[in-house]
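Good morning, and thank you for coming.

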Protein chains: 4
Amino acid sequence: MTKQHSQPNSANLGIAIIGLGGAVATTAVAGTELIRKGLQDTTGLPLAEHDQLDLIDYGNVYFRGWDLFEDDLYAAAANHRVLSSEQLASVRPALSEMRPWKAISNRDYCEGVVCDEDSKGTHREHVDSIGRQLREFAGEIGGRVVVINLASTEHALDVSDQIYQTVAAFEQALTQNHPGISPAMLYAYACIQHGVPYGNFTPSRAADIPALRRLAAEKNVPVAGKDGKTGQTYIKTVLAPALRARALRVRGWFSTNILGNRDGEALRQPKSLENKIGTKGDVLANCLGYPVEDHLVKINYYRPRGDDKEAWDNIDIDGFLGQPMQIKVNFLCKDSILAAPLAIEIARCLELASRRGQGGVIEELGVFFKAPMTGDGREPNHNFTEQHLTLLAWLEKNSRVASESGRENAASDSVA
Amino acid sequence: MTKQHSQPNSANLGIAIIGLGGAVATTAVAGTELIRKGLQDTTGLPLAEHDQLDLIDYGNVYFRGWDLFEDDLYAAAANHRVLSSEQLASVRPALSEMRPWKAISNRDYCEGVVCDEDSKGTHREHVDSIGRQLREFAGEIGGRVVVINLASTEHALDVSDQIYQTVAAFEQALTQNHPGISPAMLYAYACIQHGVPYGNFTPSRAADIPALRRLAAEKNVPVAGKDGKTGQTYIKTVLAPALRARALRVRGWFSTNILGNRDGEALRQPKSLENKIGTKGDVLANCLGYPVEDHLVKINYYRPRGDDKEAWDNIDIDGFLGQPMQIKVNFLCKDSILAAPLAIEIARCLELASRRGQGGVIEELGVFFKAPMTGDGREPNHNFTEQHLTLLAWLEKNSRVASESGRENAASDSVA
Amino acid sequence: MTKQHSQPNSANLGIAIIGLGGAVATTAVAGTELIRKGLQDTTGLPLAEHDQLDLIDYGNVYFRGWDLFEDDLYAAAANHRVLSSEQLASVRPALSEMRPWKAISNRDYCEGVVCDEDSKGTHREHVDSIGRQLREFAGEIGGRVVVINLASTEHALDVSDQIYQTVAAFEQALTQNHPGISPAMLYAYACIQHGVPYGNFTPSRAADIPALRRLAAEKNVPVAGKDGKTGQTYIKTVLAPALRARALRVRGWFSTNILGNRDGEALRQPKSLENKIGTKGDVLANCLGYPVEDHLVKINYYRPRGDDKEAWDNIDIDGFLGQPMQIKVNFLCKDSILAAPLAIEIARCLELASRRGQGGVIEELGVFFKAPMTGDGREPNHNFTEQHLTLLAWLEKNSRVASESGRENAASDSVA
Amino acid sequence: MTKQHSQPNSANLGIAIIGLGGAVATTAVAGTELIRKGLQDTTGLPLAEHDQLDLIDYGNVYFRGWDLFEDDLYAAAANHRVLSSEQLASVRPALSEMRPWKAISNRDYCEGVVCDEDSKGTHREHVDSIGRQLREFAGEIGGRVVVINLASTEHALDVSDQIYQTVAAFEQALTQNHPGISPAMLYAYACIQHGVPYGNFTPSRAADIPALRRLAAEKNVPVAGKDGKTGQTYIKTVLAPALRARALRVRGWFSTNILGNRDGEALRQPKSLENKIGTKGDVLANCLGYPVEDHLVKINYYRPRGDDKEAWDNIDIDGFLGQPMQIKVNFLCKDSILAAPLAIEIARCLELASRRGQGGVIEELGVFFKAPMTGDGREPNHNFTEQHLTLLAWLEKNSRVASESGRENAASDSVA
């Protein structure tokens with residue numbers, strides 16, 4: 001599990017996180033710090049095992065970001081109780097001196113979390129301010145910067161609205177401070193506008209509207225999303241294709257899960273929950289090749305677990321001669337422990353894409369997401385194994401380029 | 001689930017089953033009959049969904065075979081309680097008139113089942129007799145015949161013994177009525193000798209010894225095996241590669257299962273159980289890329305379930321920062337319902353191999369087995385999805401040949 | 001399990017069921033018939049094992065009742081798919097000739113089920129009509145009659161309304177055809193008014209309002225309810241007191257269940273669900289002695305199971321030194337198979353109470369109910385074992401009376 | 001959960017533990033220390049909630065004991081990893097200065113654990129030495145002393161042997177240094193001989209042979225045992241009686257569990273396992289009133305869990321009309337966290353018995369044991385709830401005595 005790259009890429013990578021004080025973000029920051037110090041191996045980091053990929057080394061990844069809360073990262077991490085006391089103690093100095101930038105606050109969008117007052121300033125001013133922050137961060141680390149959205153889920157939007165359809169309409173709405181433009185969209189727009197790759201780990205729409213997908217393609221900025229595939233959906237997209245391979249017919253799939261962290265609390269808000277469940281819905285039919293009418297997905301806020309999370313799936317299948325069987329899967333997992341390494345890998349891949357001159361939606365990153373974005377909004381593939389093979393092929397191809405043409409200067413065309 | 005082949009292959013296929021009166025065999029026979037009558041669709045038959053494969057149509061599959069018990073197949077099926085009363089009633093006429101041929105009986109090998117006295121006759125006489133039966137069967141149906149071993153597990157053998165190493169040594173032992181040659185080996189040898197493809201669905205060694213693998217290659221007779229991958233191992237070889245893809249480190253995997261059918265009863269015999277667990281052992285390390293010292297597999301004979309079977313797996317994994325998580329899978333399955341369609345598909349594939357002039361171990365059928373045979377005895381791949389893709393590629397390639405060159409006479413070079 | 005009473009009470013008992021065509025009712029009717037014919041033992045009937053109780057013998061129990069559907073009971077039972085084909089065939093003659101009386105229909109109360117038009121007639125006319133039907137039934141069987149409510153759940157009511165508080169207010173509302181009086185209340189009132197014991201197996205309020213509890217006491221008519229304790233709550237009230245006995249502190253209890261029968265469909269209606277969950281809520285705190293804030297109960301309509309039902313409970317407990325542990329219970333049950341025998345036992349107990357001259361709420365029957373009624377509306381005891389011991393003591397006391405004083409004429413003071 | 005006794009008994013109690021360095025013992029010692037310091041409440045201590053019982057206060061309980069290992073208790077506790085780092089740090093000073101007395105070592109009995117050489121000295125010398133140690137301990141704390149056996153399981157013995165049947169035969173064997181007398185028996189004999197109450201938390205025979213039961217009665221010394229009822233059997237004896245109360249017929253009960261601590265390692269030894277499973281066997285039939293042929297109990301040593309333990313039970317039941325249902329219970333527990341408080345409560349109860357002048361087998365403590373001892377060796381009651389009620393009644397009766405007659409001097413008649 002702890003193999004080293006044969007030729008580690010020693011350029012620096014800056015990850016700017018929206019929601020830097022959250023459980024996933026602080027876990028990513030602390031984990032990277034522990035790896036850098038040699039106190040932790042790379043277990044849980046999916047791409048660590050693959051040699052000779054031209055990705056930035058974990059030891060060269062640095063973090064900054066925004067949050068509504070002003071706590072330093074040590075206080076935030078201690079509060080989330082994801083790390084063990086020993087792990088927390090080891091990273092105390094590094095985390096104590098990190099404080100998030102002030103995030104854009106808009107009470108219309110963040111219902112489940114504390115969000116006392118709206119940020120001052122126009123949409124345009126926010127976009128400019130984000131650009132300045134990213135430019136400064138790139139300068140500090142002397143390398144490329146990627147933005148990852150780990151903020152709480154925003155509520156569902158009517159994405160058929162006119163303002164989301166074209167770049168022109170979106171930019172006009174921006175100028176008019178249109179209330180339909182959510183904070184997540186502001187960040188996504190700012191990134192694309194300033195040439196910074198953007199990965200969306202949340203179910204929020206953000207860059208996944210026609211206007212921004214098109215803009216990313218036009219500006220040739222890599223974007224990816226949305227909604228990290230961590231627990232129940234990961235297992236679902238592993239099992240469902242395997243059932244299909246055996247022609248075991250799924251008659252019903254009941255998925256319930258209980259979680260007690262800030263994410264779960266946000267999901268108590270019906271509108272945010274709708275957004276979340278929406279991104280889980282099509283997955284099953286896609287993996288099986290037929291719709292399952294009795295596919296239920298339930299998410300419950302249940303505090304005794306804190307950041308731990310438990311999923312229980314019951315699958316009713318018909319086998320040969322129509323005879324019924326059942327599979328039940330009980331996953332006792334840790335949300336942030338599953339999510340944090342994926343967020344890091346997404347950033348590393350987006351950096352590679354950017355370095356290779358690729359832009360628009362990087363569809364090959366679909367394995368990381370519950371609702372993979374596609375360049376033209378068509379339905380993505382959800383089959384986990386196929387997604388995994390697609391990613392590996394893309395990584396190998398883009399790493400070969402590197403070893404053939406020599407290592408480019410990783411920081412040369414960073415934030416414009 | 002009920003797609004039809006665009007050009008169904010209308011030749012006949014005869015499947016001669018060792019253990020014809022067993023739960024899996026009677027389910028296969030009854031199921032094929034129900035499909036032929038249009039009373040059942042092809043749910044559970046893995047290759048039914050794939051169009052344009054040049055496999056013999058399910059409707060053209062016919063059965064014969066051997067058993068220690070003399071019951072007609074209706075009585076046997078009623079006794080196994082796998083089929084619903086309605087299903088049983090529908091196939092009563094067809095099954096009532098089928099009686100197994102007398103199987104070779106050897107008390108040294110079949111400990112868990114009734115096996116009052118040893119068969120009379122020499123090894124050579126048995127081989128000849130099997131050949132005659134297969135020839136007659138081929139004549140009756142006017143098509144190719146394939147043998148599938150569904151008999152109870154024989155106990156483990158010391159396969160390093162000299163007699164198993166070369167064709168010459170094996171044939172000499174045969175002539176000497178050597179007690180080291182088990183009934184399953186006699187059937188396998190007879191098949192290969194008479195040019196009849198042989199598929200081994202049991203954990204018994206049968207054709208999986210150097211002497212017989214070599215003979216099958218020399219005679220160019222397709223063989224495949226061993227030990228059908230139906231329940232717990234199927235799920236294990238689906239999940240383990242997916243855990244590896246996420247770099248989730250498996251620290252322990254505890255698998256227990258309870259079953260109450262004749263198969264379970266046979267496994268109460270320590271020697272047979274050893275054979276069974278042996279075929280389950282290497283699978284996990286193979287899928288993960290590293291050994292798991294705490295990999296336990298327990299099989300328990302527990303009568304309340306009859307042919308139903310229940311597997312419970314507990315998987316201990318470490319994620320990012322070494323933090324522990326658990327996955328538990330509870331599979332309430334039906335042994336014969338999972339196994340019967342695989343036995344049918346193996347036979348259809350072996351027939352195709354034979355028709356295409358392929359012989360020796362057909363490694364591409366590995367997806368069907370817990371302990372896939374390889375031509376040279378090296379370790380097979382156990383990753384379910386990779387095995388599945390391998391099979392599909394083989395089928396497509398061998399079906400393309402057909403549509404290009406025109407349909408050969410499926411029965412032309414049947415039993416020599 | 002099949003012990004016989006030493007002195008079986010050979011009088012007849014008539015059970016008139018509201019919802020006679022439902023799954024629970026048809027199972028009770030068919031089951032009693034199978035026992036009468038000697039084709040089934042008394043497994044699942046809680047009081048069958050106890051000798052020398054002066055309860056009416058199962059063989060002397062006869063059924064009639066009301067339903068919105070007009071199907072004969074054989075058609076209804078076949079449709080519910082609870083009985084095996086063999087069981088169904090055995091009772092076909094007896095069930096085919098039974099048809100329900102027309103039930104009172106009121107679209108304001110039965111949302112989830114087909115209920116095309118409201119019944120004609122005033123409240124008072126319905127009450128009279130019910131009285132006539134019960135009198136006739138008692139005459140037919142020559143024994144006491146008891147009414148059991150097995151109809152679909154009515155939606156929740158504001159029970160603080162004035163009309164439910166006193167007998168006078170209720171009777172005035174009755175005369176005025178007040179829409180606040182639900183069908184279940186009409187049946188309950190009619191029973192009490194006509195001296196017929198009434199047991200409420202549904203979560204509907206029915207007799208559980210101050211006015212009717214008082215009337216039952218005044219008229220000395222036994223009533224009991226409400227909401228049969230069959231699956232998840234039964235297990236909960238067994239486990240929770242045992243956790244308390246070990247001082248294991250419950251920090252959270254997550255209960256979810258999936259079911260696909262008519263009952264489940266009715267519960268898709270938010271108002272009916274509210275009624276159902278309301279009766280489940282207080283149970284846990286009562287058994288533990290302290291409230292559990294994270295006690296969640298979720299009910300999901302999920303069709304693949306039909307009448308089968310599955311409950312999954314996750315219990316988070318703290319042990320010594322505050323260390324967390326978890327218990328998970330997965331109950332794969334059959335709703336009607338659990339409910340039907342309880343409905344029969346409730347009727348037998350109510351008949352005994354009536355025969356012994358007891359009236360008002362028979363609190364000793366609490367073990368049968370999720371929300372046991374109490375005479376004065378105070379909180380009941382939910383501890384299953386304590387309830388069970390209370391019932392046994394009551395039965396023994398009331399059976400001793402019998403053997404001491406000689407057997408009374410069981411039918412002497414039936415329906416007035 | 002943290003109620004205080006209205007009149008806490010402020011005498012001191014000394015608990016001398018056989019196996020003081022084990023996981024259960026160090027948890028008990030550390031837990032008592034944490035409670036004494038006010039850092040932990042009494043969660044998990046079954047008798048903490050009951051007011052006005054005349055038991056010695058938890059704050060006045062002190063420990064000493066024997067072990068084969070010489071580590072101080074802090075080192076031992078750190079090694080067992082049961083306590084959190086915070087808890088461990090809080091008790092470091094107290095535990096660091098405690099070291100076990102040298103335990104009697106006999107390689108014939110302790111197979112699974114390190115046990116390099118046999119203790120020197122005769123049986124009689126050991127008995128005398130134990131007596132001296134207990135007398136000194138009693139003097140130190142100025143209160144009664146009770147011995148609790150928490151050592152690893154000794155292997156099964158042929159208890160029909162002559163030497164175990166009478167006091168005379170046993171004492172003769174003792175004098176002859178008979179190898180049939182195990183270390184656990186030596187401790188038990190020494191306790192009884194010196195008037196010190198003895199509780200056996202292990203499956204070892206110890207005092208549970210006719211000779212020692214009789215001696216305890218003759219000498220009027222309270223003894224209790226054997227095999228603490230902590231996890232799977234606790235749940236089994238809760239559920240089984242509840243199934244019986246509903247006449248749900250148990251057709252099979254499959255219990256498996258995985259554990260990775262020293263106890264589990266000892267159980268890898270077939271003879272010790274036999275002892276363990278023996279004490280689990282009769283329980284089910286006793287609770288149900290009929291034998292269950294398919295009752296399987298499997299214990300597996302599985303290291304990833306360390307002291308954590310996981311039990312999985314599958315229960316097959318038949319309900320009304322013989323229809324099958326299933327209950328599955330998955331208990332993720334912590335062995336020492338469940339066991340330690342029971343060991344403390346047993347000691348407190350034995351002290352009370354001693355103070356009240358009771359001797360012989362104290363059957364009322366049966367709720368604490370998997371295989372409760374009875375005075376005459378007859379079968380005990382295993383029903384958890386009934387055992388619990390029996391204990392409470394005994395405690396109340398013996399506490400009433402106290403409040404009526406005034407508090408006796410708790411230490412007056414300590415070790416003779």
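**Where the two chains meet**

In this predicted model, 43 residues of chain B are in contact with 43 residues of chain A. Which elements of chain B each supply at least two residues of the side that touches chain A? They are α1 (23-36), α9 (232-245), β10 (324-334), α13 (335-355) and α14 (384-405). The largest share comes from β10(B), with 10 residues. Sorted by class, that side of chain B has 25 nonpolar, 12 polar and 6 charged residues.

Let us stay with β10(B) for a moment. Strand β10 of chain A, residues 324-334, is joined to β10(B) by 7 bridges, and the two strands run antiparallel. To locate this pairing on the screen, please find A:I327, whose bridge partner in β10(B) is B:F331.

**Inside chain A**

I turn now to chain A alone. Chain A is divided into two parts: domain 1 covers 13-228 + 337-405, and domain 2 covers 232-333. The C-alpha centres of these domains of chain A lie 25 Å apart.

Chain A also holds an open sheet of 7 strands with parallel pairing, in the order β3-β2-β1-β4-β5-β6-β11. Which strands stand at the edges? They are β3 (101-102) and β11 (360-361) of chain A; each has a single partner strand, so one side of each is left without a neighbour in the sheet.

Within this sheet, β1 (residues 13-18) and β4 (residues 144-149) of chain A run parallel and are joined by 6 bridges. Here A:G14 stands opposite A:V145 in β4(A). Helix α5 of chain A, residues 123-141, packs on the sheet, where it touches β1, β2 (61-67), β3 and β4 of chain A. The direction of α5 makes about 150 degrees with that of β1(A).

**A helix of chain B**

Finally, I return to chain B and its helix α2, residues 73-80. Which of its residues are buried? The buried residues of α2(B) are B:L73, B:Y74, B:A76, B:A77 and B:H80. Seen down the axis of α2(B), these buried residues fall within an arc of 160 degrees, so they line one face of the helix. What covers the buried residues includes α1, α3 (85-90) and α4 (92-96) of chain B. After α2(B) comes B:R81, whose phi is positive, near 55 degrees.

Thank you for your attention.

Terms used: Residues are numbered from 1 along each chain as its sequence is written. Chains are lettered from A and ligands numbered from 1 in the order in which they are written. This is a predicted model: local features need pLDDT of at least 70, side-chain atom pairs count only at pLDDT 80 or more; totals for chains, interfaces and linings use all residues. Two residues are in contact if their C-beta atoms, placed from the backbone, lie within 7 Å. Helices (H or I, at least four residues) and strands (E, at least two) are DSSP runs, numbered from the N terminus. Ala, Val, Leu, Ile, Met, Phe, Trp, Tyr, Cys and Pro count as nonpolar, Asp, Glu, Lys and Arg as charged, and the others, Gly among them, as polar. Two strands pair if DSSP finds at least two bridges between them. Domain bounds come from an automatic or database domain assignment. A residue is buried if 20 or more other C-beta atoms lie within 10 Å of its own, exposed if 12 or fewer, and partly exposed in between; C-beta atoms are placed from the backbone. The arc is that of the directions from the helix axis to the C-beta atoms. Axes are lines fitted to C-alpha atoms, for helices over the stretch in contact, and angles run from 0 to 180 degrees between N-to-C directions.
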